[in-house]
Amino acid sequence: MRLLTFLLNLKRRRDRRLWLEETIPWAQAGKEMVFIDAVEGDSVAACRDQVLLHHGFRFRKAGGWRMNSLELEGLQERWVALGQNPPDVIDLIDYHAREVSDQELACFATHHLAWCRADEVLCEPGGGESLFLILEDDVTVFPTFVRDRELHHLRWREVLAVVGEEVERLKRQCVQWDLLYLGRNLHGYDGPSVTERTCHAGFSTCAHAYLLSSTGVRRLLSLGMHDCAIPVDDLLPALYSEHPKALVNQLVRSKISAARGGARAGTAGRFLRALAFKEEMVWQLETCVIGRDDEILQHNGRDLTNPTSLLIRSNIAQTIVSSISSLSATLLVKIFAMALVESDAPAPASMLAMLVETCRLFRDVMTRKQLWRKALLQSLRREEEEPCVVFRSSWLGTYVSMLSLRMNASSIVYFGALRCWRRSGGSGRSGVNSILRRMRNCGARWLREIDSVRMEEVDVGDFKRVYDRGRRPAMLRGCQRAMLGGRGESELTLACLLEIYGNKKSAVLVPGARDPPYTIKMSLGNYCEYMRSCRGEGELGEADKEDRGGEEEQQEQEKEQEEQKQEEGYEPLYFFDDQVPRLLLDMIRPPPTFDDDLLELIAHDRERERRGREREQAGEEDEEEEDERDLLGNPSLLDERRWLVIGPRGSGSRWHVDPKGTSAWNFLISGRKLWIMCRDCKDEEGEELNPLGVLSLPALSGQGGKVVEPPPVLQWLKGTLLPLLCEEGEDGKEKSGRGGEHAGRKRGRGEQSSEDGEESEEEDVEERRRDLLNSRPFLWGIQEAGDVVFIPRGYWHCVLNLEDSVAFTQNFINSANLRSAMKKLEEEEPGMCKLIARAVTATRG
Ligand SMILES: O=C(O)CCC(=O)C(=O)O
């Protein structure tokens with residue numbers, strides 16, 4: 001493979017040329033590297049009729065680029081509708097509230113010139129196999145300013161090696177491509193992966209570093225865009241995906257059609273087969289103001305006067321590392337973790353990332369997903385209630401990319417850190433298998449299995465009497481056929497959902513968050529990418545799949561346990577969205593055992609009425625509907641009753657009771673879940689108790705009241721259930737007896753008890769909960785794909801995903817829970833109560 005690099009450089013930017021010559025190792029050799037004199041914007045103004053004559057072409061700007069504020073708003077909405085993140089309003093105004101600028105035309109002419117040069121090379125003897133790397137003169141291989149020349153050389157060599165490997169791989173896989181981005185600004189979500197490192201490019205701007213194949217060069221030139229040039233950043237994405245701006249689509253489509261000899265262009269996309277490296281490899285240089293003595297005075301407009309910036313100026317970490325290297329690794333990690341967590345500024349976290357590569361001691365830090373996720377969420381907290389997150393390979397990667405994209409990277413964070421994260425990988429051995437084994441073998445006293453009922457054998461009437469009205473949880477096995485109406489399960493897979501709804505922004509829970517954001521928005525596709533990266537995330541690792549033996553194993557286990565301790569309490573994000581894709585709603589029928597859901601009936605009637613009215617009144621304002629809408633809360637139970645639940649192995653739902661007196665059924669589409677349940681706990685005096693091991697803390701508002709603080713499920717299993725099971729021998733007999741230590745006591749009891757033996761209030765409550773367990777053990781069961789779990793109203797339950805899982809769950813109200821639901825709704829949603837009462841009358845009538 002012959003790779004020719006074209007560097008686009010303005011003659012007057014000698015500084016940039018020097019920068020490139022200094023930082024790109026093969027520039028000095030002068031080989032296979034061509035500087036192309038970029039066209040000056042001024043030369044456009046100098047031309048008559050605003051036409052730029054350059055290298056035998058007449059470049060003319062496309063007209064009609066300018067948009068007024070209403071159109072800009074529309075553009076922004078369209079951008080969102082296409083599942084892409086629109087540019088900032090300021091950028092939109094900057095670029096679209098004026099005509100194409102002279103500089104943009106000049107930039108277009110420069111790229112066009114590079115394409116022409118490439119074409120000339122292709123026509124030379126032996127040139128046909130060449131590839132062309134087009135680089136603008138402000139490129140760098142670090143996301144923020146790094147001065148060290150050697151580092152640049154090293155990194156550029158790595159980048160080239162990776163590019164070479166990937167090109168070979170694409171060739172081996174017979175993947176045809178025209179353009180491959182090395183760096184860009186992605187607005188939204190990429191298409192499917194092509195190789196481990198590359199994917200089909202989603203809508204991307206910033207053409208500062210891209211590779212062109214011979215077909216790419218020819219396709220670009222065949223468009224003849226010079227007579228109606230638009231910014232290169234808009235042209236390129238419009239050639240492989242839908243551009244939010246109609247003008248661009250129109251223009252590009254007509255050009256594509258002409259290039260294809262008049263054939264219809266179809267959608268604008270797909271003319272250019274554009275790929276991208278999933279991980280950015282080339283960035284645009286940030287602006288630094290260099291003072292006397294070679295000192296950096298300003299970095300991206302920021303004054304570098306504080307101690308953090310000193311780090312940047314003195315280039316760099318080695319000094320610091322040597323001065324603190326006498327501290328133990330654990331202490332160092334703690335100091336930095338504290339600095340990160342307690343500081344609101346992003347600097348400490350990015351410093352940490354920087355230090356990782358300079359000193360092995362810090363490598364350890366990279367496994368602290370908890371830290372990076374927290375750092376990210378902390379930075380996002382200032383933005384909005386439910387911020388959007390685009391996950392990038394790891395929490396560190398996401399944090400770094402957010403820093404560089406949104407905040408112009410405030411410190412030196414470099415690529416090696418990401419690689420290092422990868423190397424460290426996720427691990428973790430939680431011992432869930434051994435807990436499960438104990439649950440099976442010695443849980444008789446504290447545990448009872450949830451009743452299993454085979455769907456094809458069930459008598460609906462009996463089921464309703466025994467389970468629904470009897471408030472008894474059940475595991476309905478093998479429900480696919482009954483629920484999917486004969487359609488194959490293969491039609492309902494995550495892959496199918498992804499294909500259609502990959503770009504859909506959905507709600508994702510941040511489990512256990514005590515501060516906002518409690519939920520974030522992620523696209524389904526990006527969440528799945530996150531899920532894939534979670535192998536071993538959280539405390540439930542791959543190793544749990546199978547228990548192994550041996551001494552070696554034991555050592556490994558100890559090491560992993562140590563690592564795990566550091567991540568104690570960490571749970572993966574949990575996809576929990578009430579905007580369930582239509583495809584799923586259309587496919588899944590509620591099981592026949594729950595076919596009398598009043599909420600379903602109301603929702604159905606309202607939808608039918610709405611459609612009827614729409615037909616009759618064709619757009620007139622509908623007072624009746626307005627009244628109805630006023631009747632309900634926002635959001636109401638009608639909006640929040642059906643959920644798509646997706647989570648990686650190790651994720652799950654902490655102990656909770658479903659809201660508003662509803663019951664629920666949960667259909668597992670794929671994966672495996674462990675369920676633990678417990679009936680509403682009341683002691684002899686009728687006082688409500690949480691399940692054992694679930695604390696209530698005083699509400700933070702200071703107005704009295706308590707909030708339930710359930711621990712992560714795995715922590716509960718280990719900290720509360722396991723000690724209970726350990727009390728009991730394999731033969732089911734109690735080992736330590738009633739007077740021995742028990743779960744409630746073990747947890748921090750020493751500190752809580754006063755010296756004279758006086759029991760604290762919490763201890764007392766734990767004691768009563770434990771007593772209750774004697775008569776009412778926990779219920780448990782493992783749900784396999786195709787099973788439905790029934791959760792009666794008021795039941796406490798928690799769930800741990802034993803494998804990556806996809807489930808659909810629905811809360812419902814029927815005659816069995818009507819009274820309890822109405823009682824709750826009277827206070828919380830009086831409007832809903834009226835609708836339910838109406839529905840009840842109608843069904844009885
Ligand atoms: O699948 C899960 O994590 C359980 C969901 C659940 O408990 C609920 O929706 O109430």
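**Notebook: strands, a loop and a helix pair**

I started with β18, which 2 bridges join to strand β20 (residues 574-577), the two running antiparallel. I noted that this is a predicted model. For a specific pair I looked up V508, and its bridge partner in β20 is F575.

Then I checked β19. Strand β18 (residues 505-509) pairs with β19 (residues 519-523) over 5 bridges, again in the antiparallel sense.

Next entry, H55. I found H55 in the loop between β3 (52-54) and β4 (57-59). Is H55 buried or exposed? The relative accessible area of H55 comes out at 52%, and exposed means over 50%, so H55 counts as exposed. Still, H55 has partners beyond its neighbours within four places in sequence: H55 is in contact with L113 and R117. I also looked up C116, which sits 61 residues from H55 along the chain, with 9.5 Å between the two C-alpha atoms.

Last, the helices. I took α18 (residues 432-442) and α27 (residues 713-727), whose axes come within 10 Å and cross at roughly 40 degrees. That makes α18 and α27 oblique to each other, and their crossing is left-handed. Which residues meet there? From α18 I listed V432, I435, R438, M439 and C442, and they meet L714, L717, K718, L721, L722, L725 and C726 in α27. By class, I logged 10 nonpolar, no polar and 2 charged residues in this contact of α18 with α27.

Definitions and conventions:
Residues numbered from 1 in each chain as written. Predicted model: local features only at pLDDT ≥ 70, side-chain atom pairs only at ≥ 80, totals over all residues. Heavy atoms only, no water. Pairing = 2+ DSSP bridges. Helix = DSSP H or I, 4+ residues; strand = E, 2+ residues; numbered from the N terminus. Buried < 20%, exposed > 50% of the residue type's maximum accessible area, 1.4 Å probe, protein only. Contact = heavy atoms within 4.5 Å. Axes fitted to C-alpha atoms, helices over the stretch in contact; angles between N-to-C directions. Parallel < 35°, antiparallel > 145°, perpendicular 65-115°, else oblique. Left-handed = near helix turned anticlockwise from the far one by under 90°. Nonpolar A, V, L, I, M, F, W, Y, C, P; charged D, E, K, R; others polar.
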